[in-house]
Amino acid sequence: MGNRAQIILTKEYELEGELHKHYSPTIYVHWNGSLDEVLTMVDKLAEVMAHREGDLDYATARLIGLYHESIEGNLSLGVWNNKQNEDDILAENPGDNGTYFVDCKTFEVMHHSYSGTTHYTNEQRKLVTDE
């Protein structure tokens, strides 16, 4: 049981005229994976990364740091390498709240859950977290 989710930051890049994606390591949260909690952390991440949008490595480190500051003890927060493929990442669904992909340049969120996929733009993210 828990309020589990996995969060992966993404960055699109172009190579020889084709769009590709880089994926961060998987960030796992056991009790902090609700939509509101994740979107609140993404808002904080956007503030921390102001003027450095698009830096996948630093955004990943900063998001882990934000979670580390808010979760006490040595449980409920994990990080691991993934297979750098969206289908394989989604197959590792931890249950409860599913998987969140966060674009590290725009901070838009794609939430994959049992009820389907929802895209949260910056404006929609504010509406959800301001309720």
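1. Gly33 first. Leaving aside neighbours within four places in sequence, Gly33 is in contact (heavy atoms within 4.5 Å) with Asn3, Arg4, Ala5, Val38, Asn97 and Tyr100. Gly33 sits in the loop between strand 3 and helix 1; helices (H or I, at least four residues) and strands (E, at least two) are DSSP runs, numbered from the N terminus. Its relative accessible area is 0%, so Gly33 counts as buried, where buried means under 20%, exposed over 50% and partly exposed in between, with a 1.4 Å probe and protein chains only. From Gly33 to Tyr100 the C-alpha distance is 9.2 Å, across 67 residues of sequence.

2. A word on the model. This is a predicted model, in which local features need pLDDT of at least 70 and side-chain atom pairs count only at pLDDT 80 or more, while totals for chains, interfaces and linings use all residues. Residues are numbered from 1 along each chain as its sequence is written, and side-chain values use heavy atoms, with hydrogens and water left out.

3. Now the core. A nonpolar core here is a set of buried Ala, Val, Leu, Ile, Met, Phe, Trp, Tyr and Cys residues joined through side-chain atoms within 4.5 Å. The largest one has 24 residues, and Ile7, Leu9, Leu45, Leu63, Tyr67 and Val109 touch the most other members. Two or more residues each come from strand 1 (5-15), strand 3 (26-29), helix 1 (35-48), helix 2 (56-70) and strand 5 (99-103). Helix 1 gives the largest share, six residues. As background, nonpolar side chains tend to be buried together in soluble globular proteins.

4. Tyr67 deserves a look of its own. Not counting residues up to four places away in sequence, Tyr67 touches Ile7, Val29, Asn32, Glu37, Val38, Met41 and Leu77.

5. Val102 is in strand 5. With a relative accessible area of 0%, Val102 is buried. Beyond four places in sequence, Val102 touches Ile7, Ile8, Leu9, Thr10, Val42, Phe107, Glu108 and Val109. Leu35 is 67 residues away from Val102 in sequence, and their C-alpha atoms are 13 Å apart.

6. Which residues does Phe107 contact beyond four places in sequence? They are Val42, Leu45, Ala46, Met49, Glu53, Val102, Asn122 and Arg125. Phe107 belongs to the loop between strand 5 and strand 6, and is buried at a relative accessible area of 4%.

7. Glu53 lies in the loop between helix 1 and helix 2 and is partly exposed, at 41% relative accessible area. The C-alpha atoms of Glu53 and Cys104 are separated by 6.3 Å, although the residues are 51 apart along the chain.

8. On to the aromatics. Rings of Phe, Tyr and Trp (its six-membered ring) pair if their centres lie within 6.5 Å; planes under 30 degrees apart count as stacked, over 60 as edge-to-face and the rest as tilted. By this rule there are two aromatic pairs. Tyr23 and Phe101 form an edge-to-face pair, at 6.0 Å centre to centre and 65° between the planes. Tyr23 lies in strand 2 (residues 18-23) and Phe101 in strand 5, so this pair ties together parts that are 78 residues apart in sequence. Both Tyr23 and Phe101 are buried.

9. Phe101 turns up again at the largest pocket: with Thr10, Lys21, Asp103 and Met110, Phe101 lies nearest the centre, out of 13 lining residues. Strand 1, strand 5 and strand 6 (109-113) each give two or more residues to the lining. A pocket, on a 1 Å grid over the protein atoms alone, is an open set of points where a 1.4 Å probe fits, with protein on both sides within 12 Å along at least five of seven lines; lining residues have an atom within 4 Å of a point. The space in this pocket is about 180 Å³, a volume filled by probe spheres set on grid points joined across faces, edges and corners. The lining divides into four nonpolar, four polar and five charged residues, where Ala, Val, Leu, Ile, Met, Phe, Trp, Tyr, Cys and Pro count as nonpolar, Asp, Glu, Lys and Arg as charged, and the others, Gly among them, as polar.

10. Last, the backbone. Gln84 is not a glycine, yet has a positive phi of about 60°; Gln84 is in the loop between strand 4 (77-80) and helix 3 (86-91). Asp96 has a positive phi too, near 50°, and is in the loop between helix 3 and strand 5.
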